Amino acid sequence: MTEIRSTVILGSGCAGLTAAIYSARAGLNPLVLEGHEPGGQLSITTLVENFPGWPDGIQGPELIDNMKRQAVRFGATLELAHLNKIDLSGNPFRLETSTGEILTRTLIVASGASARWLGLESEQALIGHGVSSCATCDGFFFKGREIAVVGGGDSAMEEALFLTRFATKVTLLHRRASFRASKIMLERVMAHPKIVLRANTVIEEVLGVEEKEVKGVRLRDVTTGEVTTLAIDGLFLGIGHEPNAKMFGGQIDLDDDGYIRTTGNVLTTRNGVVVPGVFACGDVQDRRYRQAITAAGSGCMAALEAEKFLEEQGH
Ligand code: NAP
């Protein structure tokens with residue numbers, strides 16, 4: 001007989017680990033499946049300066065490591081495993097993972113969202129060394145510098161506008177002539193004295209791999225084929241995020257872009273009706289704030305809801 005666990009948490013970023021700390025302290029012995037990107041997005045960030053309680057900032061991986069140790073100290077178990085299949089049709093829920101089958105009475109989905117990247121080798125090599133997917137996190141480091149933002153949607157516009165607070169010049173690079181961004185955002189960008197728009201432009205390579213810091217980008221104009229180099233100190237990706245929720249499609253409600261729909265902050269639904277015992281927190285259900293502290297806050301809420309649910313069920 002497979003043991004029935006009280007709480008399983010999917011994901012080991014800020015949301016999942018906060019849920020783990022709370023549910024472990026409540027005596028639920030949670031199991032955290034660390035997933036494909038252990039530690040989540042913070043584990044690929046450098047200095048985090050806006051997490052309350054760290055007046056001098058803290059490195060993202062260190063913050064995550066602290067949270068892990070805190071969760072383990074209260075009895076959470078972390079497993080380097082990921083989910084292959086899930087059945088939420090009856091309680092206990094049935095999970096097939098890379099290491100075996102698990103039954104659980106409550107499930108906290110904290111599987112996050114992954115930033116989309118261009119997929120260039122040079123880009124991947126320079127993440128955290130001038131290449132970033134988070135303007136709010138890293139913009140501050142580019143005071144007085146020249147940078148570029150990639151993308152043609154609202155995220156890219158928002159990043160470009162935000163980054164003008166720090167950078168002396170922001171070049172917005174977009175692969176097509178027309179933009180997905182809303183008219184108002186595009187107009188603001190076009191009117192901004194610090195922003196230069198370059199449409200029909202793709203990045204062929206991020207320069208600076210040997211120096212371990214972004215020095216520029218090699219660009220190609222897709223209409224003329226002309227190749228040029230743009231000197232920059234930072235490159236921000238604004239080409240969207242993918243919520244890691246595909247696996248739940250059909251079992252809990254997702255919105256049009258694949259984010260988990262929640263009601264009452266962290267309760268999930270199926271055809272609009274709450275699914276008892278299944279909670280979602282962090283970026284997998286938040287397309288708006290996407291901050292470490294908001295993810296942690298919703299992780300706390302999910303753990304408290306799980307505890308309340310188990311108590312109501314008499315466990
Ligand atoms: P999005 O609307 O899907 O736009 C993504 C952009 O990135 C598109 O311009 C796309 O180019 C480009 N792109 C994607 N893959 C690329 C690649 N491999 N290489 C180069 N360019 C690539 O995503 P989003 O901007 O994150 O917005 C998502 C949703 O959130 C939207 O509904 C948006 O309105 C909303 N949002 C709203 C606000 C706001 O109102 N303040 C802020 C942020 C986001 P193509 O156009 O050529 O496909």
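Start with strands β19 (residues 262-263) and β20 (residues 267-270): they pair antiparallel over two bridges. Pairing here takes at least two DSSP bridges between two strands. Helices are DSSP runs of H or I with at least four residues, strands are runs of E with at least two, and both are numbered from the N terminus. T262 sits opposite T268 in β20. Three residues lie between the strands of this hairpin, and G264 has a positive phi near 50°.

A word on the source: this is a predicted model, where local features need pLDDT of at least 70, side-chain atom pairs count only at pLDDT 80 or more, and totals for chains, interfaces and linings use all residues. Residues are numbered from 1 along each chain as its sequence is written, and side-chain values use heavy atoms, with hydrogens and water left out.

Now follow β20 onward. It also pairs with β21 (residues 273-280), antiparallel, over three bridges. T269 has V274 in β21 as its bridge partner. Two residues lie between the strands of this hairpin, and N271 takes a positive phi near 50°.

Next, an open sheet. It has three strands in the order β14-β15-β16, with antiparallel pairing. Which strands are at the edges? β14 (201-207) and β16 (227-231), each pairing on one side only. The twist averages 30° from one strand to the next. Five bridges join β15 (residues 216-221) to β16.

On to the helices. The axes of α5 (residues 154-163) and α6 (residues 183-191) come within 10 Å and cross at roughly 35°. Axes are lines fitted to C-alpha atoms, for helices over the stretch in contact, with angles running from 0 to 180 degrees between N-to-C directions. The α5 and α6 crossing is left-handed: the near helix is turned anticlockwise from the far one by less than a right angle. Who meets whom? D154, M157, E158 and L161 of α5 meet M185, L186, R188 and V189 of α6. Contact means heavy atoms within 4.5 Å. The residues of this contact divide into five nonpolar, no polar and three charged. Nonpolar covers Ala, Val, Leu, Ile, Met, Phe, Trp, Tyr, Cys and Pro; charged covers Asp, Glu, Lys and Arg; the others, Gly among them, are polar.

Buried means under 20% relative accessible area, exposed over 50%, partly exposed in between, with a 1.4 Å probe and protein chains only.

Last, the cysteines. How many disulfides does a search of the whole structure find? One. A disulfide is a pair of cysteine sulfur atoms within 2.5 Å. C134 and C137 form it, with sulfurs 2.0 Å apart. The torsion about their S-S bond is about 75°, so this disulfide is right-handed. C134 is buried at 17%; C137 is partly exposed at 26%.

C14 is buried, at 7% relative accessibility. For C281, the closest cysteine sulfur is in C300, 9.9 Å away, again too far for a bond. C281 is buried too, at 1%.
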